[in-house]
Amino acid sequence: MGRAAEMIGTTPAFLRALGEAKLFVPLRSEGGHRRYSRYQLRLAARARELVDTGTPIDAACRIIVLEDQLQEAHRLNEQLRQGTQAGPA
C-alpha cells in the first residue's frame, strides 16, 4: 500500500479512504496486504486531483464513477455507430 501511495503521490490513508468511499476494492495478498491494479491507481490519481482542488472525497468518487460511465457510454455508442456504418451482411 505504501508503494502504491508513493507512486501516485498520496498517502496510504488516502487510499484507504477511497476504499471506504467504495471507489474500488483492492485485492488482498495472502498476507492481507492491499494490492492495487493499474486501473485502480489511475482512479486514485484522479481522485487526488479532484480533492486537491477542494472537492470532498465522496463527491470526487461520485464524479469519477460518472466520468467512467460516460466514457463507457461513448465507447458503446461508437461501436454501435461502426456497426451501423458497416450495414447489413
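A: We can begin with the salt bridges. This is a predicted model, and the count of salt bridges in it comes to 6.

Q: Why are E49 and R46 about one helical turn apart?
A: They are about one turn apart because they sit 3 residues from each other in helix 3. As for the surface, E49 is partly exposed, with a relative accessible area of 45%. R46 is also partly exposed, at 27% relative accessibility.

Q: Which residue forms a salt bridge with R48?
A: The partner of R48 is D52, and their closest N and O atoms are 3.0 Å apart. R48 and D52 both belong to helix 3, where 4 residues, about one turn, separate them. D52 counts as exposed, because its relative accessibility is 55% and the cut-off for exposed is over 50%.

Q: Which residue meets E72 in a salt bridge?
A: E72 meets R75, with 2.5 Å from N to O between the side chains. These two are 3 residues apart in helix 4, so about one helical turn separates them. E72 is partly exposed at 35% relative accessibility, and R75 is partly exposed with a relative accessible area of 40%.

Q: How are two packed helices described?
A: Two values are given: the angle between the axes and the distance between the axes. For helix 2 and helix 3, the angle is about 100° and the axes are 11 Å apart. Angles of 65 to 115 degrees count as roughly perpendicular, so helix 2 and helix 3 are roughly perpendicular to each other.

Q: Which residues meet where helix 2 packs on helix 3?
A: From helix 2 come F14, L15 and L18, and from helix 3 come A44, A47, R48 and V51. Sorted by class, this contact has 6 nonpolar residues, no polar ones and 1 charged residue.

Q: How many residues are in the largest nonpolar core?
A: The largest nonpolar core holds 17 residues, and L15, L18, L23 and F24 have the most contacts inside it. Helix 1 (2-8), helix 2 (12-20), helix 3 (38-52) and helix 4 (57-86) are the elements that give two or more residues to this core. Helix 3 gives the most, with 5 residues.

Q: What is F24 in contact with, leaving aside its neighbours within four places in sequence?
A: F24 is then in contact with L18, G19, Y36, Q40, L43 and A44.

Q: Is L43 buried or exposed?
A: L43, which lies in helix 3, is buried, because its relative accessible area is 11% and the cut-off for buried is under 20%. With neighbours within four places in sequence left aside, L43 is in contact with L23, F24 and I64.

Q: Where is H33 found?
A: H33 is in the loop between strand 1 and strand 2 (34-35). It counts as exposed, at 52% relative accessibility. Leaving aside neighbours within four places in sequence, H33 is in contact with L27 and R28.

Q: Is T55 buried or exposed?
A: T55 is buried, with a relative accessible area of 17%. Its place is in the loop between helix 3 and helix 4. Beyond neighbours within four places in sequence, T55 is in contact with L50, A60 and I63.

Q: What is the phi of K22 near?
A: Phi of K22 is near 70°, a positive value in a residue other than glycine. K22 lies in the loop between helix 2 and strand 1 (27-28), and K22 is exposed, with a relative accessible area of 66%.

Terms used: Residues numbered from 1 in each chain as written. Predicted model: local features only at pLDDT ≥ 70, side-chain atom pairs only at ≥ 80, totals over all residues. Heavy atoms only, no water. Core = buried A, V, L, I, M, F, W, Y, C linked by side-chain atoms within 4.5 Å. Buried < 20%, exposed > 50% of the residue type's maximum accessible area, 1.4 Å probe, protein only. Contact = heavy atoms within 4.5 Å. Salt bridge = Lys/Arg side-chain N within 4 Å of Asp/Glu carboxyl O. Axes fitted to C-alpha atoms, helices over the stretch in contact; angles between N-to-C directions. Parallel < 35°, antiparallel > 145°, perpendicular 65-115°, else oblique. Nonpolar A, V, L, I, M, F, W, Y, C, P; charged D, E, K, R; others polar.
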